[in-house]
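User: Could you walk me through this model? I'd like to go region by region.

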Amino acid sequence: MNFSSAEALRKAVLPQAKAEHKALRLLYMGSPDFAVPPFKALLQEGYRLIACATQPDRPVGRKQKLTPTPLKLAAREAGLPVYSWTSLKKQEAREELRSLKPDLIITAAYGLILPPEILALPLYGCLNLHPSKLPLYRGASPVQSAILAGEKETAASLMRMAEGLDSGPLIASVNFPLGRLTAAEAEARLAELSAELLIKVLPSFLSGEIQELPQDEAHAVYCGKLSRADGALDFSRSAAELDAQIRALQPWPGTFAYYRGEKHKILEAEILPEDQASQPGEILRADKELWLATGQGILKILRLQLPSGKILPAADCAHNFQQNEFFVSGNSPQALKGDRS
């Protein structure tokens, strides 16, 4: 069941959830902000959520304060039990999960692989919400990978879970235009769209009225976890590729380059139609605007974070840079020298 847009999804006339469906024991598993809107939508629609499972609290920030996941906070607010298993391979976790006797499990960016024993546990199986146009971008960074690849659109997808990573048959999907959104902006909108898709389609799924479509393995693309090193800007690449990288890696891990040996985080940029014979990374303009040469085209920096930690529009700090000097990649041997020698 594929929808060309959010508007097409909203206009679709589908069966309403039956009372017996809302009485089913539903276990919800997820962790980041993306998991919260579908969870809240299920609650609002009156589905019987028996518990939530999420990642354990993690140290966050400079003070490394133990912080619960967004889903854990939402589940606590709803008064639901929360399980934070570190692995579903452990016998204790499996026994606790079996004791919940779920009729249906729904996951959204949970962060743990469900073993075959768990996939076979619920009467209605296990469903997963995934923000990509499957079989493209299976894995941990689907939105970032789509933006990095220059995709014009992605999708919110609902699939039945199988043993492979994001490889189960598709139940429904709805296309979503990426435009010039950052990954954070796109993920937030895809979370809301995923919630709409789930609520709209779940009654038909539970009634057995949906034909599940196998994914085309020949076109499968996988994406892994991001690291800080992924944020290093390489100015030998085109302005379009660098712009996509900056948008894809906001807010984490962020993108950066070095100027005079100091790390500068590039938070926002745009592509200029002008081109100029210059070396990659060369500062072409540093007055009220900050322009950098790339392998193809010019990258206009709009907002950046200085080594001091201060975030400024480029218009307010461009005068601190010297025309004809260079920004260099964090992966470059010259990164800590701040020059091209």
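User: Which residues form the positive surface patch?

Analyst: Quick ground rules: this is a predicted model, where local features need pLDDT of at least 70, side-chain atom pairs count only at pLDDT 80 or more, and totals for chains, interfaces and linings use all residues. Residues are numbered from 1 along each chain as its sequence is written, and side-chain values use heavy atoms, with hydrogens and water left out. Patch members have over 30% relative accessible area and no salt bridge, with like charges joined within 9 Å and nonpolar side chains (Val, Leu, Ile, Met, Phe, Trp, Tyr) within 5 Å; Lys and Arg count as positive, Asp and Glu as negative, and His and the chain ends are not counted. The positive patch is made by Arg62, Arg228, Lys263 and Lys265.

User: Is arginine 228 buried or exposed?

Analyst: Arginine 228 sits in the loop between strand 12 (222-223) and helix 9 (239-248); helices (H or I, at least four residues) and strands (E, at least two) are DSSP runs, numbered from the N terminus. Buried means under 20% relative accessible area, exposed over 50%, and partly exposed in between (1.4 Å probe, protein chains only). With a relative accessible area of 58%, arginine 228 is exposed.

User: What does serine 204 touch, not counting residues up to four places away in sequence?

Analyst: Serine 204 is in helix 8 (residues 183-206) and counts as buried at 2% relative accessibility. A contact here is heavy atoms within 4.5 Å. Leaving out residues up to four places away, serine 204 touches Leu14, Pro15, Glu209 and Ile210.

User: Zooming out, what share of the residues of the protein count as buried?

Analyst: The secondary structure comes to ten helices and 19 strands, and the C-alpha trace spans about 70 × 45 × 35 Å along its principal axes. Among contacts between residues at least 6 apart in sequence, 65% join residues at least 24 apart. Of the 341 residues, the buried share is 51%.

User: How far apart are the mean positions of the positive and negative charges of the protein?

Analyst: Each charge is placed at NZ of Lys, CZ of Arg, CG of Asp or CD of Glu. There are 39 positive and 38 negative charges to average over. Their mean positions are apart by 5 Å.

User: What covers the buried residues of helix 3?

Analyst: The buried residues of helix 3 (residues 36-44) are Val36, Pro37, Pro38, Phe39, Ala41 and Leu42. Just after helix 3, glycine 46 takes a positive phi of about 90 degrees. The cover over those buried residues includes strand 2 (26-30), strand 3 (49-53), helix 4 (70-77), strand 7 (104-108), strand 8 (126-130) and helix 8.

User: Which residues form the nonpolar patch on the surface, with about 320 Å² of accessible area together?

Analyst: Areas come from the Shrake-Rupley method with a 1.4 Å probe, and for residues only the protein chains shown count as cover. One member, isoleucine 113, is in the loop between strand 7 and helix 6 (116-119) and counts as exposed at 59% relative accessibility. The patch residues are Ile113, Leu165 and Tyr222.

User: On to the salt bridges: which residue forms a salt bridge with glutamate 153?

Analyst: A salt bridge is a side-chain nitrogen of Lys or Arg within 4 Å of a carboxyl oxygen of Asp or Glu, and by that rule the count comes to 17. Glutamate 153 lies in strand 10 (residues 153-160) and its partner in the loop between strand 8 and strand 9 (138-139), so the pair ties together parts 20 residues apart in sequence. With the closest N and O atoms 2.3 Å apart, the partner of glutamate 153 is lysine 133.

User: And how many residues apart are glutamate 212 and arginine 160?

Analyst: Glutamate 212 forms a salt bridge with arginine 160, the closest N and O atoms being 2.9 Å apart. Glutamate 212 is in the loop between helix 8 and strand 12 and arginine 160 in strand 10, so this pair links distant parts of the chain. Both are partly exposed, glutamate 212 at 26% and arginine 160 at 26%.
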